[in-house]
Amino acid sequence: LKQSNIAKENLLHSLRKEYDNKKINIQKLSESEAHYKNLIKHSPNIIYKYSTQRGGLFWSDKVENILGYTPEELYINPFLWNECIHLDDIALVIRARIEEEFTIEYRIKTKFGNYIWVNDRLMYKTKHEDELVIEGIVIDITENKKNEEALIKAFSRYQMFFEHSGSSNSIFDINCRLILQNKESIAQLGISNEEAIGKSVYEIFGDNAEDIYQRMQRVIQSNNSETFETQFNLITGTKWFRSSYLALIDESNVVLGVQVVSHDITEKKQIEMLHLVSNEIVTVLNNNKTIKDDIHEIIAIIQKYTQYSAIGIRLKKGEDYPYIDSLGFSDSFLERENSIIDKDQNKDICRDKDGKPYLHCTCGLVISNNKKSNSALTNNGSFWTNNSFPLLQLTAEQDPRLHPQNTCIHLGYG
C-alpha cells in the first residue's frame, strides 16, 4: 500500500510538472506571437503571404499606406496585386516567384491610378504539389528611382566626356548603388554592367567597401568633393587608384549621388616603392655589418613593402645553393628544401654532360638560368606567377622544372 501511494505521488508530480511546462511553452509561444505581430504592425514596409493558386493570403496594414488598398480589399480580390503590376513587369515577377530566392524591382499601379516602384524580396517559400506559398517584404523605392532618373538626366549633359575621358568613371546613387560606369571602369574593375549595375559598394568592392561607403556618405552629407589614394584587390589584380569623389546635385542643389573618377596609379606607386626600398637597402649596406646581417635586414625590407608572407635567399655553397636566410618559412620546410641538387636513388649527384649538378624544382630552374631552352623564364631569367597551383596539374613533359618537389605549393606558399 505504501509503495502504491508513492507511485501515485510520483505520477501526480510528473503530471503537474508536464502541465507547468506546457503552460510555460504556451506563454512563450503567445509572447513570441505578440512580438511578431508588433514587428509587422510597426514595419514601414508591406509584409505579405501569397499563394500562386489562391492569391493573397495575408497583407500587413502598411499596404494601404503604400498602395492605397486596404488588406480587406485585397482579400476580397485575392489576385488584385497581380492585376496592378505593370504589363511590362509581370513576366519578371512570375519568373522570380519560381526561383529559390529573389529580390526584384517592378512597377505597380496604386488605387489612385499612378504607378510606383517597389522592391520585392522573398523571405520564405513553401511548396505543396502545384501550389507555391511565398512570404516576402515589399519596400516602396519610388523616390530612389526618381533620383536615378534625375542622375541619368544630369549625366546626359556630359555623356561624351564621361565615356571618353580616359579615366575610370562611375556614378552611384545616394544609397551607394552603382548606376552607371564607362568602358574604362569596366576594364579596371573587371565587372560588366550586367554584373554591377544596381549593386551596392559592398557587393562590388569586398574588403574596400566600408571605406568607400564612408567616403561617399561624407561627400553626400557635405555636398563637397574628396580625393584618396587606395589600393584595391580586384578581379584584374591588385592595383592603386587615385580617386576623386564628387557630389552630383540637381538644379535645387539637392545631392542625387556621387561621381567617382579614378586614375590607375599602380606604376607610379611601384616606382615610389622601389625608391623607398632602394634607399633603405643602401642604408643597410652602409652600416658595415656582416653579409648575413645585411641579407636578413634586406629581406625584412622587401617583406615590409611587398607584404609577401615568406621570402628566402639562397647562396652558393660548394655545388649547392642552400638558404642563407629567410622570413616566413617554417624550420621543417627549410630543412627539407635546403638542398636543390638532384640525386638518384643511390643518393649520388645527377650531373649534365659538362659535369655540373642538375638543380631541381623552381629555384633550380631560375639558378640554372637556361633562358634559351626554357620559355618559362622571363627575359631577365626570373620565374613568377600569381597562382602556382596549376603547376600541380602539369605532366613531366609539360613542366619546365626538373623533378619539382612542390612542397611550397602544398604548404600554402603558392
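**Figure 1. Helices α12 and α13 cross in the right-handed sense.** The structure is a predicted model, in which local features need pLDDT of at least 70 and side-chain atom pairs count only at pLDDT 80 or more, while totals for chains, interfaces and linings use all residues. Residues are numbered from 1 along each chain as its sequence is written, and side-chain values use heavy atoms, with hydrogens and water left out. Helices (H or I, at least four residues) and strands (E, at least two) are DSSP runs numbered from the N terminus. Two packed helices are described by the angle between their axes and the distance between the axes. Helix α12 covers residues 266–285 and helix α13 residues 291–306; they pack at an angle of about 165°, and their axes are 10 Å apart. This angle makes α12 roughly antiparallel to α13. Angles under 35 degrees count as roughly parallel, over 145 as roughly antiparallel, 65 to 115 as roughly perpendicular and the rest as oblique. Axes are lines fitted to C-alpha atoms, for helices over the stretch in contact, and angles between N-to-C directions run from 0 to 180 degrees.

**Figure 2. Residues of α12 meet residues of α13.** On the α12 side stand Met273, Leu276, Val277, Glu280, Ile281, Val284 and Leu285, and on the α13 side Asp294, Glu297, Ile298, Ile301, Lys304 and Tyr305. The residues of this contact divide into nine nonpolar, no polar and four charged. Ala, Val, Leu, Ile, Met, Phe, Trp, Tyr, Cys and Pro count as nonpolar; Asp, Glu, Lys and Arg count as charged; the others, Gly among them, count as polar. Contact means heavy atoms within 4.5 Å.

**Figure 3. An open sheet of five antiparallel strands has the order β7-β6-β10-β9-β8.** The edge strands, each pairing on one side only, are β7 (178–181) and β8 (225–234). From one strand to the next the twist averages 25°. Two strands pair if DSSP finds at least two bridges between them. Strand β9 (residues 237–249) pairs with β8 in the antiparallel sense over 10 bridges, and these two strands form a hairpin with two residues between them. Ser225 has Leu246 of β9 as its bridge partner. Helix α12 lies across β8, β9 and β10 (255–264), running at about 125° to β9.

**Figure 4. Strands in the order β2-β1-β5-β4-β3 form an open sheet.** The sheet has five strands with antiparallel pairing. Strands β2 (55–59) and β3 (103–109) stand at the edges, each with a single partner strand, so one side of each is left without a neighbour in the sheet. The twist here averages 35° from one strand to the next. Strands β1 (residues 46–51) and β5 (residues 131–140) run antiparallel and are joined by six bridges. Ser51 stands opposite Val133 in β5. Helix α5 (residues 90–97) packs on this sheet and touches β1, β3, β4 (115–128) and β5, and its direction makes about 140° with that of β3.

**Figure 5. Val254 is found in the loop between β9 and β10.** Val254 counts as partly exposed because its relative accessibility is 42%. Buried means under 20% relative accessible area and exposed over 50%, with partly exposed in between (1.4 Å probe, protein chains only). When residues up to four places away in sequence are not counted, Val254 touches Leu248 and Ile249. The C-alpha atoms of Val254 and Asn147 are separated by 10.0 Å, although the two residues are 107 residues apart along the chain.

**Figure 6. Cys176 and Lys347 are loop residues with positive phi.** Cys176 lies in the loop between β6 (168–173) and β7. Its phi is near 65°, a positive value in a residue other than glycine. Cys176 counts as buried, at 1% relative accessibility. Lys347 lies in the loop between α14 (331–337) and α15 (361–368). Phi of Lys347 is near 70°, again a positive value in a residue other than glycine. Lys347 is exposed, with a relative accessible area of 65%.

**Figure 7. The chain contains 16 helices and 12 strands.** The chain has 414 residues, of which 36% count as buried. Among the contacts in the chain with a separation of 6 or more, 39% are accounted for by residues 24 or more positions apart.

How values were computed: A crossing is left-handed if the near helix is turned anticlockwise from the far one by less than a right angle, and right-handed if clockwise.
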